[in-house]
Amino acid sequence: MSADPESHFKDLWVISFVGRDRPGLIHDILQLPAERNVNIVDMDQRVLQGLFVMSVVADFSRAEISPKELEMEMHRRSNSLGVQCMFLPLERYRGIRRSMKNLYVVTILARDRVGIIRDVASVASARDINIERAAVTARGDLISIEFVMDFGDANPDECREWIRSECERLGLDVVVQSLDKARKEKRLIVFDMDMTIVDFEIINRLASFAGVDEEVRRITDRAMNGEIDFEESLRRRVRLLKGMPVSALKEIADQLSLTPGSEELIHHLKQMGYKIALISGGFTYFTDVLKERLGFDYTFANELEIQDGRLTGEIKGEIIDAKAKGEIVKRLAEMEGISPDNIVAVGDGANDCIMIQNAGLGVAFNAKDVLKKVSDGSISRENLLGLLNLLGLADRKSLL
């Protein structure tokens, strides 16, 4: 081989094959190149809707046949092989090499419509972000598209924010992860409870029973937006519930309305062997009910103090606030013998920020902006089942 690395590209050819898929097709296609000492140095092969698509980079530097001769022979065999082929010299067609590659996985979740891929490609192009690969996954009418994008030498945080804001403007949910983190196996999924698994704020429902719903809702909204300290806001709200009978808690627990898709999501995750945890700034009375109903492996929440069958207005023990939620993620990793990078955290409010940041993948669900800014991406309320797509738990079809 020449000492000049550029001269080596003269011996490299890209050969593409398209045809009807069948067992043994790759062997039959590559039999002749192997016999003539043509070395395959790179390869990408997919099956799209039953259509076989394969591209290889073939090195002819030590071959016993020229690219032109091999092309003619492959064309003669095309009918028996059931494929069409095309030969291109890599030297002429190879793309411009960037000085540095900075690869990120960008996953788009949306209800299927025409033009999604074009729209995302336009967003990437506007910042000179190169799309290297893409694959689509369909689950019902929910579509997800996983792009591998090269941010090059641009600022990664600026690229992430650009993609997030532009995709939101287009009505698309988006999650952006570094390639290294995205490829880390996920083994434990952590959820917030209220407005994530349960379709309402339980403390607001309790407040309605006590006739203090307006006062409690105002405090809750301020806490969720990060305007006041969570621990203080929780203690204020619970004091307003003083004297409430335990029967009211039971009535609410018996009527817990789950977020659409959450029960199916957890069922599939359990079937696939994931451990599931519930970390809530709410109350153990309700996390215990959900543990029994949905099969959570771990639950963490605040314990309401009860005397003589009524709430005292106080909380027993340490408060589970944002900091505690973040620490529980680390503790769960130790308990399971895994890294925090193997954990996915899903939440909706400011109280989930540290939990989201401490996990390998942090997803803001139907969330406030304060949480979106620290998460890897966001999922809207109707796309909760899209978490299965993020974890690769659905059939995938290559686009590039």
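Biologist: Is the crossing in which H1 passes H2 left-handed or right-handed?
Modeller: This is a predicted model. H1 covers residues 25-35 and H2 covers residues 67-76. Where H1 passes H2, the crossing is right-handed.

Biologist: At what angle do helix H1 and helix H2 pack, and how far apart are their axes?
Modeller: Two packed helices are described by the angle between their axes and by the distance between the axes, so two values are needed. For H1 and H2 the angle is about 145 degrees, and the axes are apart by 11 Å.

Biologist: Which residues in H2 do Ile29, Leu32 and Pro33 in H1 meet?
Modeller: By class, the contact of H1 with H2 has five nonpolar residues, no polar ones and one charged residue. The H1 side is made of Ile29, Leu32 and Pro33. On the H2 side they meet Leu70, Glu73 and Met74.

Biologist: Which residues does UniProt list for "active site"?
Modeller: The UniProt entry is unreviewed. The residues in its set also belong to the lining of the largest cavity.

Biologist: Is Asp192 buried or exposed?
Modeller: Asp192 sits in the loop between strand E9 (188-191) and helix H8 (202-210). Leaving aside neighbours within four places in sequence, its contacts include Lys325, Asp348 and Met355. The relative accessible area of Asp192 is 6%, and buried means under 20%, so Asp192 is buried.

Biologist: Is Gly140 buried or exposed?
Modeller: Gly140 also lies in a loop, between strand E6 (130-139) and strand E7 (142-150). Its C-alpha atom is separated by 26 Å from that of Ser122, 18 residues apart along the chain. With a relative accessible area of 76%, against a cut-off of over 50%, Gly140 is therefore exposed.

Biologist: How does Tyr93 count by relative accessibility?
Modeller: Tyr93 is in helix H4 (residues 90-93). The C-alpha atoms of Tyr93 and Arg217 are 62 Å apart in space, and the two are 124 residues apart in sequence. Buried needs under 20% and exposed over 50%, so at 49% Tyr93 counts as partly exposed.

Biologist: How far apart are the end C-alpha atoms of residues 105-181?
Modeller: UniProt, in an unreviewed entry, lists residues 14-95 and 105-181 for "domain: ACT". Over residues 105-181 the chain is 36% helix and 42% strand. The end C-alpha atoms of this stretch are apart by 9 Å.

Methods: Residues are numbered from 1 along each chain as its sequence is written. This is a predicted model: local features need pLDDT of at least 70, side-chain atom pairs count only at pLDDT 80 or more; totals for chains, interfaces and linings use all residues. Side-chain values use heavy atoms; hydrogens and water are left out. Axes are lines fitted to C-alpha atoms, for helices over the stretch in contact, and angles run from 0 to 180 degrees between N-to-C directions. Helices (H or I, at least four residues) and strands (E, at least two) are DSSP runs, numbered from the N terminus. A crossing is left-handed if the near helix is turned anticlockwise from the far one by less than a right angle, and right-handed if clockwise. Contact means heavy atoms within 4.5 Å. Ala, Val, Leu, Ile, Met, Phe, Trp, Tyr, Cys and Pro count as nonpolar, Asp, Glu, Lys and Arg as charged, and the others, Gly among them, as polar. UniProt positions are given in the numbering used here, feature names are shortened, and annotations may be inferred rather than shown by experiment. On a 1 Å grid over the protein atoms alone, a cavity is a set of points where a 1.4 Å probe fits but cannot get out, and a pocket is an open set with protein on both sides within 12 Å along at least five of seven lines; lining residues have an atom within 4 Å of a point. Buried means under 20% relative accessible area, exposed over 50%, partly exposed in between (1.4 Å probe, protein chains only).
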